[in-house]
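Reader: I have a chain to look at and some questions about it. Can we go through them briefly?

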Amino acid sequence: LIQDFLVKADNTGAIKLQSIPCAIYTMIQHYLWLVVFMWTIIEGFLMYLSLVQVFGSHISKYMLKFNLAAWLIPIPFPLIGYFVFTKSYTVGEGATAVSLIDHKYMAETMCFIKPETIAFYTLFL
């Protein structure tokens, strides 16, 4: 619902397509999806410890460690994805020069990672 309010298909929402706020929104979405997947991995590991390796599986301050891992490990991936896959070009010279940005990280029709790119497929690794 929040996305429907912020980003509209006809580009009349609070966040315009292919803009800096759209890029930030895309990176936040990418980051939060990676956090969800990290928590899935951590929950699987905790289930393994409690169901399979029952004895000798105590980890001191495990929630602090797992929280730090789940929230900090995904941080670089959206930043790297945006800065590696976004190119800036200048067309023309002097006063008539126009700066163009080629977003290979964001889709043209929505504020989300561009489908069929490396950044998109790394969500599912």
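This is a predicted model: local features need pLDDT of at least 70, side-chain atom pairs count only at pLDDT 80 or more; totals for chains, interfaces and linings use all residues.

Reader: In what order do the elements of the chain run from the N terminus on?
Author: Helices (H or I, at least four residues) and strands (E, at least two) are DSSP runs, numbered from the N terminus. The chain has five helices and two strands. Their order is α-α-α-α-β-β-α.

Reader: Is L32 buried, exposed or partly exposed?
Author: L32 sits in helix α2. Buried means under 20% relative accessible area, exposed over 50%, and partly exposed in between (1.4 Å probe, protein chains only). L32 has a relative accessible area of 40%, so the class is partly exposed.

Reader: Which residue in β2 is the bridge partner of K87?
Author: Two strands pair if DSSP finds at least two bridges between them. Strands β1 (residues 86-91) and β2 (residues 98-103) pair in the antiparallel sense, over six bridges. In β2, the partner of K87 is D102.

Reader: Which residue in the hairpin turn has a positive phi?
Author: β1 and β2 form the hairpin, with six residues between them. The phi is about 95 degrees, and the residue is G92.

Key:
Residues are numbered from 1 along each chain as its sequence is written. Side-chain values use heavy atoms; hydrogens and water are left out.
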